[in-house]
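Have a look at the structure, then read on.

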Amino acid sequence: MAVQCNSLPPCYISKPSKSKPIFPFSANHFTPTHRTPLFLNSNSLKLSTHRSVSLSLSLSLSLSLSLSLSHVHSYNGNSWLWDVGGLKILVDPILVGNLDFGIPWLYDAAKKFLKNFQLTDLPEVDCLLITQSLDDHCHLKTLKPLSQKLPNLRVIATPNAKSLLGPIFSNVTYLEPGETSEIEAINGSQVKVRATAGPILGPPWQRPENGYLVTSPQDQLTLYYEPHCVYDKNFLEKERADIVISPVIKQLLPSFTLVSGQEDAVQLAKMLGAKFIVPMRNGELDAKGLLARLIQSQGTMESFKELLSRELPEAEVLEPTPGVPLDISAPSKLP
């Protein structure tokens, strides 16, 4: 099974199997409570199980990748475009304007790569996937014009984003952690999207944001994506994922963890039995403002690889280069 990011047949989501953003800089936003991760965007990654499955990754804009079970493109920040079994899934896009949470004096971030990329440059998309309700994942400057361009676009999202997505999209499936939706491509293949529990971005009683497990047709390949490396260990220890897309370098404020990584990313990959880890580069934005000056990084790509080699030596780290396809192949398994 091959998946591509650039040219895929249209597809539609069929039935979910089960089934107000807060101030963005609250303490709970920054403090991880180990929960679930999910998907990615990349350009060309080739894997095989019993049959040939190709995946591709390419980092397009800044710090996001797009991963699909054949082609993955990353765009900017947390933005990805995945091609899974012929289904093109756009993830947390930030493609129009800056990222500022509505308070640019405090934080204002611009694309670091592919600065001239426009919404009109986006290839055909079959589904929009939203992990969180805050501006760095549910970016209304991008989503409003996207909804005008693709008014019938199928959307899968966290229920926390309902007040933002409801007024602009008409075909939205909200998944609670543990719920699954099946997406059917025009060729009849089925892609499963299962929500997992991500970070709590408000008071302790608030619903967690989402991560996702995305499984290709015939269960050939599963990828896990959650953009903060925050996950529920009790939930995920029962799951498996061939590919994990996760931050690996921590982003810290004084006394707060904005984005986890390093040893937490290693334990995540080990728990899921990952064969490939695609690092997110959430901090690679041209940012200014008071908050931007306070954010510090902890750890490096090299230190992550060292930690991973001790705990999961057979896993491979796939580092994407912005705008450059990343091709990976795995030997076929014997029947």
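## A salt bridge to start with

Lys-88 forms a salt bridge with Glu-124, and their closest N and O atoms are 3.8 Å apart. A salt bridge here is a side-chain nitrogen of Lys or Arg within 4 Å of a carboxyl oxygen of Asp or Glu. Lys-88 sits in strand E8 (residues 87-91) and Glu-124 in the loop between strand E9 (108-110) and strand E10 (127-130), so the pair ties together parts that are 36 residues apart in sequence. Helices (H or I, at least four residues) and strands (E, at least two) are DSSP runs, numbered from the N terminus.

## What you're looking at

This is a predicted model, so local features need pLDDT of at least 70 and side-chain atom pairs count only at pLDDT 80 or more, while totals for chains, interfaces and linings use all residues. Residues are numbered from 1 along each chain as its sequence is written, and side-chain values use heavy atoms, with hydrogens and water left out.

The chain's secondary structure comes to seven helices and 24 strands. Of its 335 residues, 61% count as buried. The accessible surface comes to about 12,800 Å², and 53% of that belongs to carbon and sulfur atoms; areas come from the Shrake-Rupley method with a 1.4 Å probe, and for residues only the protein chains shown count as cover.

How many salt bridges does the count come to? The count is eight. Side chains of opposite charge can pair when their charged atoms come close.

Another of these pairs is Glu-319 with Lys-305, where the closest N and O atoms are 2.5 Å apart. Glu-319 lies in the loop between strand E23 (316-317) and strand E24 (325-327), and Lys-305 in helix H7 (residues 301-311), so this pair ties together parts that are 14 residues apart in sequence. Glu-319 is partly exposed at 29% relative accessibility, and Lys-305 is partly exposed at 33%.

Helix H7 also holds both Glu-306 and Arg-310, four residues apart, or about one turn of the helix. Their side chains meet in a salt bridge of 3.3 Å, N to O. Glu-306 counts as partly exposed at 41% relative accessibility, whereas Arg-310 counts as exposed at 58%.

## An enclosed strand

E15 has a neighbour in strand E14 (residues 190-197): the two run antiparallel and are joined by six bridges. Two strands pair if DSSP finds at least two bridges between them. In this pairing, Ala-197 stands opposite Asn-210. E15 also pairs with strand E16 (residues 222-225), again in the antiparallel sense, over four bridges, with Thr-215 opposite Thr-222. E15 and E16 form a hairpin with six residues between them, and Gln-218 in the turn has a positive phi of about 60°.

## Around Ser-260

Ser-260 lies in the loop between strand E19 (256-259) and helix H5 (263-272). Is this serine buried or exposed? At 1% relative accessibility, Ser-260 counts as buried.

The side chains of Ser-260 and Asp-264 are joined by a polar contact of 2.5 Å. That term covers a pair of N or O atoms within 3.5 Å; within protein, one must be able to donate a hydrogen and the other to accept it, and residues adjacent in sequence count only if both atoms are side-chain atoms. Ser-246 is 14 residues from Ser-260 along the chain, and their C-alpha atoms are separated by 9.1 Å.

## Cysteines

If you're wondering about disulfides (a pair of cysteine sulfur atoms within 2.5 Å), the count comes to zero. Cys-127 is buried at 0% relative accessibility, and Cys-229 is buried at 0% too.

Terms used. Buried means under 20% relative accessible area, exposed over 50%, partly exposed in between (1.4 Å probe, protein chains only).
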